[in-house]
Amino acid sequence: MSLTSALRIAQNSLMNTGIQTTVTSRNISEASNPNYVRRDAVLVSAGGGARVVNINRATSDDLLWDSLQALSDSRAQSVVSNGANRLQRLVNGADNSTSAATLLANFEDALQLYGNDSSNTLLAESAVGYAKELSDGLNSSSLAIQEYRAELDQNINSSVAELNNLLDQFKQVNDEIVKGTGSGLDVNDALDQRDTLLKQISEYVSVSVVKRDNNDFVLYTDQGVTLFETVPREVTFQPLSSYSAGITGNTIRIDGVPVIGGIGADSNATGTLEAMVQLRDTVTVDMQAQLDEIARSMVTIFAETDTSGGGGPDLAGLFTYAGGPIIPLAGTIETGIAQTIGINPAYDPSVGGNPELLRDGGANGAAYVANSTGEAGFADQLIAYLDRMNAPVATDPGAGITGSYSVSEYSESSIGWLESLRSRASAAADGKGALYERLQSSLSSKTGVNMDEEMALLVELEQSYQASARIVQAIDEMMQVLLNAV
């Protein structure tokens, strides 16, 4: 081998080592960046020795796609789980102290005491007071649910805006990658940025990726809707300013196609948008329907019956509502009744009413008087009310609770329904979160930076650089000897 060839090989080695050192140093400096993918300098043999021909990213497409799907599932399940916990606090309180079941039990106890001493006016006032607490609790819980739905609507609107912004950024980066790849430029930093955007997009909607020529990406949602193809598809949503029971929220649309909310405590929602739609249109609606069923049952149970033989209809007695005085249909949800239920002023002593009408009847006129003789110890109607409260009531299974229950049992079942939802949603959130963490860890081990490996490689490169430098020095000395000899 001539001295010129040896010098050329040594120079190539120095240049390659410099490039490899730069790549390794970059890896080390970005080790704490979760969105950075490790780079490797690719060497190939050539006539004048090895040379660096490319800087590769340590990619693993299969793991990346799986982790994106797991991320969508995990984020959606967290939204459902957190939403169920939020409902618990809004409707039942942290210890169920504000639940309909607790308020109903308090009222039933007060009614029982009054039934045992029906001549006691103070007990009559107490029973009516607890009835008012029950109706107020149903009102406030219903209002809280509707305010939460409005809050979800605003969150959806913000998320849609953020998703559209991410898709716009995705277009810019994707265009840069396609152009750079076609021109043979280094697009590794842009590829890192695009993967980061994919992760952020996947938090809102599940994403399937199709790779085309020049590293071009096409994105589809889990429902098969095109999310991005050369240009981003528009995601649209129009929030409502307020909600009340019976109002249906507007639809999120991607490229004109509706986004369908998830189903179940272990939700099949993918991405936070589907999960928020599930909370707004299913979970909270079911919770509202259960409160409505409790309120409807109370209006029915405490209705006054025509005792004159005239065949008059049953009319709202102690409890009234916006659609009264006619009693709502049995076994059918009266949407929003829990938001309008209240105490008949005729019974309410705080506004001049007579609480003893609870014992005697007659709020709807003489035909509805039960205590026709005016006996102070009359308790038949109070006992009848208690019996009705403990007898099965017809309820609508559309509220999410099936079976035959008394109103007290139904209210307790409503607590159980929400607790079951919370428990299963939380367990599912833990499981899906753990799956995402495992996949992310596997992806990181394939594509992330291992400091020990990079530092060891840096030592090897330093030794290689020193060896190549010594060769150059030796060749220089030889050349000097030859020149001196001449």
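Predicted model: local features only at pLDDT ≥ 70, side-chain atom pairs only at ≥ 80, totals over all residues.
Me: Two strands pair if DSSP finds at least two bridges between them. What makes S5 and S6 a pair, then?

Reply: DSSP gives two bridges between S5 and strand S6 (residues 231–232), and the cut-off is at least two, so they count as paired. The sense is antiparallel, with Phe 228 facing Pro 232 in S6. The strands make a hairpin with one residue between them, and Thr 230 in the turn has a positive phi of about 70°. Numbering starts from 1 along each chain as its sequence is written, and side-chain values use heavy atoms, with hydrogens and water left out.

Me: How do you know that S4 is joined to S5?

Reply: Three bridges link strand S4 (residues 216–220) to strand S5 (residues 226–229), running antiparallel. Leu 219 sits opposite Phe 228 in S5. This hairpin has five residues between its strands, and Gly 224 in the turn shows a positive phi of about 85°. As for the labels, strands are DSSP runs of E with at least two residues, helices are runs of H or I with at least four, and both are numbered from the N terminus.

Me: What makes S7 and S9 edge strands?

Reply: Strand S7 (235–236) and strand S9 (257–258) each pair on one side only. The open sheet has the order S7-S8-S9, with antiparallel pairing. S7 and strand S8 (residues 253–254) share two bridges, and Thr 236 stands across from Arg 253 in S8.

Me: Why are H2 and H5 called roughly parallel?

Reply: Their axes cross at roughly 30°, and angles under 35 degrees count as roughly parallel (over 145 is roughly antiparallel, 65 to 115 roughly perpendicular, the rest oblique). Therefore H2 and H5 are roughly parallel to each other. The axes of helix H2 (residues 61–92) and helix H5 (residues 188–204) come within 8 Å, and the crossing is right-handed.

Me: Why is Ser 135 called buried?

Reply: Its relative accessible area is 1%, and buried means under 20% (exposed is over 50%, partly exposed in between, with a 1.4 Å probe and protein chains only). So Ser 135 counts as buried. Ser 135 lies in helix H4 (residues 121–183). Not counting residues up to four places away in sequence, Ser 135 touches Phe 319, Ile 341, Gly 342 and Ile 343.

Conventions: Axes fitted to C-alpha atoms, helices over the stretch in contact; angles between N-to-C directions. Left-handed = near helix turned anticlockwise from the far one by under 90°. Contact = heavy atoms within 4.5 Å.
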